[in-house]
Amino acid sequence: MNPITIAWLLLPLLAAFLAALLPLLARPAVLLTCLGTAAMALAAQQSWLPDSLQLLGPLGITLQPDALAAPFLLLNALVCAAVLLDGWGRPRSKAWPLLLLVLHGSVNSAIVAADLISIYVALEVVGIATFLLLVLGGRRRQVWLGLRLMLVSNTVMLLFLIGCGLLYLEQRSFALFGVGQASGLVLALLAVALLTKAEVFVAGLWLPRTNAEGPLDVSALLSGTVVSAGVVPLLRISAEAASLLPVLRWLGIASAAAGVLLALLEPDLRRLLAWSTLAQMGLVVILPAVGGLSALGHGLAKAALFLLLRRIPDPALAGWRQRPLAPRLWWPLMLASLSIAGLPPLLGFLAKDQLSSQLPGAAGWLVTAISAGTVAVYARIWGPPLSALRAPPASPQSAAAAGASATDGAGAPAGATLLVAALVLLSASPWALPLWAAMDRQALTGAMLKTASVFAAGLMLHHLLSASADAAAAAGPVSGPTSDPAAGTGAALPAAGWRPQLEGLDELLGAIVLLAAALLGLLGWQP
Amino acid sequence: MTAFRALELLVLLAVLAGLVALLRHRNLFLKVLAMDVTSTAVISLFVLIAARDGLITPILQGHSPVVDPGVAAAYADPIPQAVILTAIVIGFSVQALLLLATTLLAHRDPTLDVAELDLPEPSGPGAGP
């Protein structure tokens, strides 16, 4: 069966060459490769293919299309297809579908690769493809965002390469199973690179600005697929190196807590979603066994939210509740955000439930508290009323908004609808069915009760926060220039000054170096 | 201290010098150059690892080695060299892309000050695609 796997890995890249010659074929080629990847994901989940294959001898390339890779492959296929479908009618640069193909192929390789050098090469190609997708618009801001991302990611990949070299010096092999006996220095270097790629904690601080100011379909790709290219190698390494597990667990919890806290204070919808990505990726790395399911649920929902956001003209959360949304936007928005918050029977509920039931002791309680925080974060975007079909707009302001959205997003949001449909349907797929079957009646009731209390706590937190924001808005002058008279009703708008400015390029690089030093201290002490 | 250790230390010093320069310089062009210094240091680390046991290139002619193993048993390790060749190509292309993007930015703002580039653009609520 090896030829099938190799052909599937090569298909997107060959299709990209073909698309460069025959641009007409580019979009069908993307759909075809996504279909192939989805089939491959199913095959990997059901172990129809050999779990591991080696090319070019024992020092060569190792590929592992196993059950760990399966949910990430499915996520990659669905998100790429949805992003393509969403932009189907719009005129695009010829290079766009081509770059999408390269990105898709390289993420696939990063997911199944199981030796460090293949991982390095795949991650570099992912970085270059992401950079080019970001820069493609050619505007100055996008060029700067892309450059920033590339500089950071190339710096961490150099650290990764040093880790590879030192590992070879110790083990005489680049194979992943050698990482288990590696020294703390090697582990720290590899982990800091992959954490940056996976957008966890301080290493992921490049994300919010990139998401808020870059094109939204690239944001969907970033939050949906590009992160999985960093997460899967990280999960593979943590499965080998036991000393990394506790460090990753607490780092993940810290990342989740920080992400939720910053999202609660964020006045901009796009940045709120980005902070929430930081939080959710933290949850993914906490427990490698559940990581695939959480990443699948989160990636589908977050990509859908970013694609929907493109049809919503104003990303400010102030006055969000006064702007009605059309049903074709309202339903996917609600379903996707409810899934991340963990409402049964959506995919997010299963992931959250598995996570909190399998974690021992204090970590489990912390994760439950973070889930309540997540509910409070998403309660901020559940506000807007469902506008009736073709209802006359209430005020001139909303008329302008409705007009803008009508011209902006003519037609149904195909991509987001696909993702949300997948989110609902996948609860009855081979990924989720064994988990449902494993839960007896009592466990199911317990999980439901827990979810209900988490939702109640989250909503209460949301009301407390919005009430205090209202009080602040009524008492003093609203911080920040807002022309909207309804400012402060739905959003706590903190002054820009007191929040630490952590997102400049220098701060990003400094944070990564500090994280590397901290990891080195933590891992070096352990025997 | 063996020669290998001393050279390894020098290489790690070069890596650190590159990282410090990357953090310290405010000019984007100098930052890109500093990254190149780090990248060169990483390449020399791999070359050093390849040469830790010997310097003679292992080449086969037909089925017999060009250099008689009886004469010189200490061959260089070909694996790290093969690996770093890939990394050199990737590093080169990344460097080219970064410099291209820097050139694009320099058309507007020749100072290339990172702190200035990082300032958010003044934009209305509906800005962005």
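Arg172(A) counts as exposed because it has 12 C-beta neighbours inside 10 Å; a residue is exposed if 12 or fewer other C-beta atoms lie within 10 Å of its own, buried if 20 or more do, and partly exposed in between, with C-beta atoms placed from the backbone. The model is predicted: local features need pLDDT of at least 70, side-chain atom pairs count only at pLDDT 80 or more, and totals for chains, interfaces and linings use all residues. Residues are numbered from 1 along each chain as its sequence is written, while chains are lettered from A and ligands numbered from 1 in the order in which they are written.

Arg172(A) lies in the loop between helix 6 (140-171) and helix 7 (184-198) of chain A. Helices (H or I, at least four residues) and strands (E, at least two) are DSSP runs, numbered from the N terminus. Most residues other than glycine have a negative phi.

| Residue | Phi | C-beta neighbours inside 10 Å |
|---|---|---|
| Arg172(A) | about 60° | 12, exposed |
| Leu112(B) | near 55° | 19, partly exposed |

Leu112(B) is found in the loop between helix 3 and helix 4 of chain B. Chain B has 4 helices and 2 strands, arranged along the sequence as α-α-β-β-α-α. Of its 129 residues, 23% count as buried.

Chain B also meets chain A, in a contact that takes 35 residues from chain B and 35 residues from chain A; two residues are in contact if their C-beta atoms, placed from the backbone, lie within 7 Å. On the side of chain B that touches chain A, two or more residues come from each of helix 1 (3-24), helix 2 (28-50), helix 3 (78-108) and helix 4 (114-118) of chain B. Helix 3 of chain B gives the most, with 14 residues.

In chain A, Gly127(A) belongs to helix 5 (residues 116-135) and counts as buried, with 24 C-beta neighbours inside 10 Å. Apart from neighbours within four places in sequence, Gly127(A) is in contact with Met150(A), Ser153(A) and Asn154(A).

Helix 14 (residues 347-358) of chain A is largely enclosed by the rest of the structure, because 9 of its 12 residues are buried. Among them are Leu347(A), Phe349(A), Lys352(A) and Asp353(A). The end C-alpha atoms of helix 14 of chain A are 17 Å apart, which agrees with the 16 Å that its 12 residues should span at 1.5 Å a residue; the expected span is 1.5 Å times one less than the number of residues.
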